[in-house]
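The exercises below are meant to be worked through with the sequence and the model side by side. Each one sets a task and is followed by a solution that goes step by step.

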Amino acid sequence: MKSWALAHQDALKAWGGLLFGVIVVFWFFSDGDFSFLLTLASLISMFGFLMVAVKVSSSKSCKGVSLIMSEAYVVVSICRLCSIIPYEGYLPYDKSGDWLYQTVEAVTFCLAGSIVYLIRVQFAETYDPTLDTFKRVYLFPPALVLAVLFHPSLNAFMPADICWTFALYLESITVLPQLVLFQKAAE
């Protein structure tokens, strides 16, 4: 156990930092109710993108990272921000909905965008498009059609409500290009 901990010291520090951050956010921004889960999910998502960006930057390779997935998360973040910055319908009810949740989502957008930049520009020679072949047509149109047909109205402004729902539906299937990439890389 001790040798494993020493071998994974950096990862343990990162996860410990996330745990500490979540406890601080819960202590200072949460009312202890259900709405904290929305902020928690955003914090975990932001942490995931941070870890991918750090890994790609430190290894100077984007091998194993799906560009299609990263681009889809940029779209998810834009749509989500369009429905939470000018409106309050989809914000957490606790203090994290005052400014923290929006900030975390904006940072997530920046991190996802930086991953797309790293793949497309900085480390483009390490990206293998023959492995990242999931068709975008299977992601975006179905999520958009479902969002137009089935969306709540918490913002009382249909375009913002559709944006929120589109982001929600798209995010639920955005991992598929990464899974296909993993499968093709294993072959």
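**Exercise 1.** Are helix 3 and helix 5 roughly parallel or roughly antiparallel to each other? Work from the crossing angle, and then describe the contact.

*Solution.* The model is a predicted one, and the values that follow are computed from it. Begin with the geometry: the axes of helix 3 and helix 5 cross at roughly 25° and come within 9 Å. Angles under 35 degrees count as roughly parallel, and helix 3 and helix 5 are therefore roughly parallel to each other. The handedness comes next, and here helix 3 passes helix 5 in a left-handed crossing. On the side of helix 3, the residues that make the contact include Leu-38, Leu-43, Met-46, Phe-49, Val-52 and Val-56, while those of helix 5 include Leu-100, Val-104, Thr-108, Leu-111, Ile-115 and Leu-118. Sorted by class, the residues of this contact comprise 16 nonpolar, six polar and one charged.

**Exercise 2.** Determine how helix 4 is oriented against helix 5, and state which classes of residue form their contact.

*Solution.* Helix 4, which spans residues 67–84, packs against helix 5, residues 100–122, at an angle of about 155°, and their axes lie 9 Å apart. Because angles over 145 degrees count as roughly antiparallel, helix 4 is roughly antiparallel to helix 5. The crossing of helix 4 past helix 5 is left-handed. Among the residues in contact are Leu-67, Glu-71, Tyr-73, Ile-78 and Arg-80 from helix 4, together with Glu-105, Phe-109, Gly-113, Val-116 and Arg-120 from helix 5. The contact of helix 4 with helix 5 divides into 13 nonpolar, five polar and four charged residues.

**Exercise 3.** Carry out the analysis for helix 2 and helix 3.

*Solution.* Helix 2, residues 9–29, and helix 3 pack at an angle of about 155°, with 11 Å between their axes, which makes helix 2 roughly antiparallel to helix 3. Helix 2 passes helix 3 in a right-handed crossing. The contact involves Ala-14, Trp-15, Leu-18, Val-22, Val-25 and Phe-26 of helix 2, which meet Phe-36, Thr-39, Leu-40, Leu-43, Phe-47 and Met-51 of helix 3. In this contact 11 residues are nonpolar, one is polar and none is charged.

**Exercise 4.** Describe the largest pocket and its lining, and identify which helix gives the largest share of that lining.

*Solution.* The largest pocket holds about 650 Å³ of space. It is lined by 32 residues, of which Gly-48, Phe-49, Val-52, Met-69 and Tyr-73 are the closest to its centre. Two or more lining residues come from each of helix 3 (36–59), helix 4, helix 5, helix 7 (158–173) and helix 8 (176–186). Helix 3 gives the largest share, with 12 residues. Divided by class, the lining consists of 17 nonpolar, 10 polar and five charged residues.

Note on methods
Residues numbered from 1 in each chain as written. Predicted model: local features only at pLDDT ≥ 70, side-chain atom pairs only at ≥ 80, totals over all residues. Heavy atoms only, no water. Axes fitted to C-alpha atoms, helices over the stretch in contact; angles between N-to-C directions. Helix = DSSP H or I, 4+ residues; strand = E, 2+ residues; numbered from the N terminus. Parallel < 35°, antiparallel > 145°, perpendicular 65-115°, else oblique. Left-handed = near helix turned anticlockwise from the far one by under 90°. Contact = heavy atoms within 4.5 Å. Nonpolar A, V, L, I, M, F, W, Y, C, P; charged D, E, K, R; others polar. 1 Å grid on protein atoms, 1.4 Å probe; cavity = no way out; pocket = protein on both sides within 12 Å on 5 of 7 lines; lining within 4 Å. Points joined across faces, edges and corners; volume = space filled by probe spheres on them.
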